[in-house]
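Come along and keep the structure at hand.

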Amino acid sequence: MFAPADHAHMSQALQLAEKGLYGTSPNPRVGCVIVRDGRIVGSGWHERAGEPHAEINALVAAGTAAQGATAYVTLEPCSHHGRTPPCAEALIKAGIAKVVTAMTDPNPLVAGRGSALLEQAGIEVQTGLMEAEAKALNIGFVARHTRKRPWVRVKIAASLDGKTALGNGSSQWITSEAARRDGHRFRARSCAIMTGIGTILADDPQLIVRHVETFRQPLRVVVDSRLEIPLDAKALRGEGELVFAAAASEGKITALRDVGAHSIVMPDKNENVDLVKMMQTLADFEINEVMVEAGSKLSGALISAGLVDELVIYFAPCLIGDVARGMLQLPELTDLADKRALTIHDLRMVGPDIRVIARIP
């Protein structure tokens, strides 16, 4: 169905889409290459929400050469008016003769309507070229639209014997600077960074992206059942931070609002934060990917609730010992048949440390 040249052009479009890795949230990362008579006449990618989509940037670059050309797009062109006009209509107006897409848009507002609009205008449409690569690039966008919750990634820094801190809580630094810089790349691609009140009280983290050039900081999210977060916590030094609680006084909610944070009270039957509803709420807020950097209690609770998709673990070449703190608080197993199966997605060295990316089926 697809020729080698088609694969080459879509591969270029995917490379362009990846340039938007840190900036397009909550939109998908999309690239477009326009080809006429075997030659690329225009290309572009979506750089940030509210700005022109990939197809528009490519059409501008192509100019009149777009007439009768083929557009290779990593995602089905949109057919609705959102922050910008429909790309499908722009392709039709430009005289594009054929559109090759990697995947159908999972957004119900599009979901085949873009391709149908193109076909109604007499444009040939082919879908499915390098679909797996396109979905991987937009793993959170797909998750949010297909299952109504974000893609959740838990990051852990540990010793080789699986310890994240000494018994007294000291944890800086177990892993190397190279590992910390690599972790910030995952922060930068995330829509939100999440932690628990234990980490806030112990470490007072900023939860911001450093070490990576980006114009956008992820939303900071704190899980704090009793709303114990200090008003001067570094994680609140921004705009619109979310604090999820199970119980709270109106006075504390008002005080948090005064420093720019938004409190959401949603208890479960055990008077803890309802983690499932919390993730659904984050999806409602157009959060595609969540990076969890928390202690063993919250990370373990999210796994137990079936809300974690991926573990990013940096193992340092050192041993800390049995009395040190472990990675995850999970229920005790009495039968190995009940162990949680993981799929190793990636394994590599980052500086002197080992980075393991494991996915939970």
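For the record, helices (H or I, at least four residues) and strands (E, at least two) are DSSP runs, numbered from the N terminus. This is a predicted model, in which local features need pLDDT of at least 70 and side-chain atom pairs count only at pLDDT 80 or more, while totals for chains, interfaces and linings use all residues. Residues are numbered from 1 along each chain as its sequence is written, and side-chain values use heavy atoms, with hydrogens and water left out.

**Entry: Glu55**

The UniProt annotation "active site" (unreviewed entry) covers Glu55. I keep in mind that UniProt positions are given in the numbering used here, feature names are shortened, and annotations may be inferred rather than shown by experiment. Glu55 sits in helix 2 (residues 54–62). Is Glu55 buried or exposed? Glu55 is buried, at 4% relative accessible area. Not counting residues up to four places away in sequence, I listed Cys32, Val73, Leu75, Pro77, Cys78, Cys87 and Leu91 as touching Glu55, contact being heavy atoms within 4.5 Å.

I traced an open sheet of nine strands with mixed pairing, in the order 11-10-9-8-12-6-13-16-15. Two strands pair if DSSP finds at least two bridges between them. Strand 11 (262–265) and strand 15 (343–350) are the edges, each pairing on one side only. Inside the order, strand 8 (residues 192–196) and strand 9 (residues 219–223) pair in the parallel sense over five bridges. Thr195 has Val222 of strand 9 as its bridge partner.

Helix 10 (residues 275–284) packs on this sheet, touching strands that include strand 10 (242–245), and its direction makes about 155° with that of strand 10. Axes here are lines fitted to C-alpha atoms, for helices over the stretch in contact, and angles run from 0 to 180 degrees between N-to-C directions.

**Entry: the annotated binding site**

The "binding site" annotation in UniProt (unreviewed entry) covers Ser171, Arg187, Asp203, Leu207, Arg210 and Glu293. The lining of the largest pocket includes Ser171, Arg187, Asp203, Leu207, Arg210 and Glu293. A pocket is an open set of points on a 1 Å grid over the protein atoms alone, where a 1.4 Å probe fits, with protein on both sides within 12 Å along at least five of seven lines; lining residues have an atom within 4 Å of a point.

Leu207 lies in the loop between helix 8 (197–203) and strand 9, and Arg210 is in the loop between helix 8 and strand 9 as well. Leu207 is buried at 3% relative accessible area, whereas Arg210 is partly exposed at 35%. Leaving aside neighbours within four places in sequence, Leu207 is in contact with Arg187, Ile193, Thr195, Arg220 and Ala235. Arg210, counted likewise, touches His184 and Arg187.

Technical notes
Buried means under 20% relative accessible area, exposed over 50%, partly exposed in between (1.4 Å probe, protein chains only).
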